[in-house]
Amino acid sequence: MIAVELKHVSFSYKDKENVLENIDFCANYGEIDLIAGYSGKGKSTILSIISGIIPNVVNGSLEGDVLIDGNNIKGKKLGEICRSVGMVLQNADEQIVNNLVEDEIAFGLENFAYPSDKIAKQIDIVCKLMNLDKKDKTKTLSGGGKQRLITASTIAMGQKIILFDEPLANLDKESAVMLMEICKTLKKEGYCIIIVEHRLDMVLPYVDNVWNVENKKITKVDNKQEYLVSQSKKILDTCEDKVFNEPLFIFDNVDYSIKDKKILTNINCTIKKGARTVILGENGCGKTTLISLIARLNKPTNGKITQYVDESLNKRANKKWFKKVGVVYQNPDYQLFMPTVRKELEFGAKSKEYANEVAKMFEIDNLLDCHPQSLSEGQKRRVSIAAVVATSPDVLLLDEPTVGQDYNGLQKMIKILNELNRKNNISIITITHDVRCAKALTDYSLVFNKGKLVKEGKKELVDEYFCC
């Protein structure tokens, strides 16, 4: 039975050319559909049209028919559409409104007027399903934890059509498999699941249909195995092997806690100057906290971090420090605040000329006059990295930099980062769950588990980690 159908749909954002032109698409109950394609080509737009976000929240010109259960949703309010359609957004922070996990899950159920006993039952069910503690504070969750939370909140509401926009982006391998297994179970129960995702290697075993978005059209892929394999190759490291002797940061018995909750325990390691260091580990193991300590955004509860970036900057973080140490956050919305991409790049750049050079380097020069918040998540990610690179830092800290990147875009990004490392001697420290590129960004690897550093190594450790 058809759950979702788009007939002759075209859409353009306000004062822009069409993103989609006369497309036809359908998805059935009891199936999982994958919508794939290059970043910024309209995949998330299709989900927004199905969910009613377009045109109820996001303005633009929408033509054609959008049918849910055979009924045209034109003119229907968002509250009416979301009775049938649930959506897990690409950016988890945009959906979380409550301080406690249980309150966040209850929020949607209360809006649907669920009785209190059923709300309590649903909270327990989905928390167990998604490995969440209902008493946790939402702000203390990792990026992957937040993703699991909004997924749990959506599943709890019981809509039979669920849309996922890059649900695996911030998830470790175990959590990604868990989510896809849940989707498989929901499919068997008659749900319609539609997923936009770039980590195609993770969704391959679960998908019934693949749709490719390109040139403002969407087409069904005949040979999904061939398509997915072609888009899921691992990126090779083009950098020559090199020995790094000088320390950049030395961790000496470092702990970090929030009240009674220990995040990091007894961390002892040396991060080398000029090297590419990759930090690996499951969601919530303390990787982002480690980056925040390196960046001086937080202070260790115990122990000491000695920096060798610049001996004159041994005091607290200041403007001079952040000129030397550039931070790219997991959520690009945290650092994109200027009215245009051009102004974002020029804000901290050593010159306007260099800002333009970086824009061409990251292939965002065609976006210079766009508002950053009008971009796709993949484009935002490139802009946020480019804006930090434009400041010419000595150290680049990257928290999940590959989210939202298609394979071709990812290849280009890795090439740029590696050239910056080898030619400009920029030390790069990266957190990633992306098996496609982790090894291509590695000279040294650190693996964390439950707040502890459990292994150190080189490239081989990346293979060992992702094979487990």
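Biologist: Where does arginine 199 lie?
Modeller: In this predicted model, arginine 199 sits in the loop between strand 8 (192-196) and helix 8 (200-203).

Biologist: And is arginine 199 counted as buried or exposed, and why?
Modeller: Arginine 199 counts as buried, because its relative accessibility is 7%, and the cut-off for buried is under 20%.

Biologist: Which residues is arginine 199 in contact with, leaving aside its neighbours within four places in sequence?
Modeller: With those neighbours left aside, arginine 199 is in contact with Leu168, Ala169, Leu171, Ala176 and His433. For histidine 433 there is also a polar detail, as its backbone oxygen lies 3.4 Å from a polar atom of the arginine 199 side chain.

Biologist: OK, what about leucine 168, what is that in contact with beyond four places in sequence?
Modeller: Beyond that range, leucine 168 is in contact with Ala176, Leu179, Met180, Glu197, Arg199, Met202 and Val203. Leu168 also belongs to the largest nonpolar core, which has 46 residues, and is one of those that touch the most other members, together with Leu34, Ile105, Phe164, Ile193 and Ile195.

Biologist: Which helix gives the largest share of this core?
Modeller: The largest share, 6 residues, comes from helix 7 (residues 173-188). Apart from this core lies another, of 44 residues, and among its members are Leu398, Met413, Cys437 and Ala440.

Biologist: Switching to helix 15, how many residues has it, and what does it reach from first C-alpha to last?
Modeller: Helix 15 (residues 407-424) has 18 residues and reaches 25 Å between its first and last C-alpha, which is close to the 26 Å expected at 1.5 Å a residue.

Biologist: What caps the N-terminal end of helix 15, and what follows the helix?
Modeller: The N-terminal cap is aspartate 406, with a side-chain oxygen 3.1 Å from the backbone nitrogen of asparagine 408, while the residue that follows helix 15 is asparagine 425, whose phi is positive, near 60°.

Biologist: What do the buried residues of helix 15 pack against?
Modeller: Those residues, including Leu410, Met413 and Leu417, pack against strand 13 (276-281), helix 13 (352-361), helix 14 (377-389), strand 16 (395-399) and strand 17 (427-431).

Biologist: Last topic, strand 6: which residues point which way?
Modeller: In strand 6 (residues 85-88), Val85 and Met87 point one way and Gly86 and Val88 the other way, and all of them are buried.

Biologist: In what sense do strand 6 and strand 7 pair, parallel or antiparallel?
Modeller: Strand 6 and strand 7 (residues 161-165) pair in the parallel sense over 4 bridges, and the bridge partner of valine 85 in strand 7 is isoleucine 161.

Notes:
Residues are numbered from 1 along each chain as its sequence is written. This is a predicted model: local features need pLDDT of at least 70, side-chain atom pairs count only at pLDDT 80 or more; totals for chains, interfaces and linings use all residues. Side-chain values use heavy atoms; hydrogens and water are left out. A nonpolar core is a set of buried Ala, Val, Leu, Ile, Met, Phe, Trp, Tyr and Cys residues joined through side-chain atoms within 4.5 Å. Buried means under 20% relative accessible area, exposed over 50%, partly exposed in between (1.4 Å probe, protein chains only). Helices (H or I, at least four residues) and strands (E, at least two) are DSSP runs, numbered from the N terminus. Contact means heavy atoms within 4.5 Å. The expected span of a helix is 1.5 Å times one less than its number of residues. A polar contact is a pair of N or O atoms within 3.5 Å; within protein, one must be able to donate a hydrogen and the other to accept it, and residues adjacent in sequence count only if both atoms are side-chain atoms. Two strands pair if DSSP finds at least two bridges between them.
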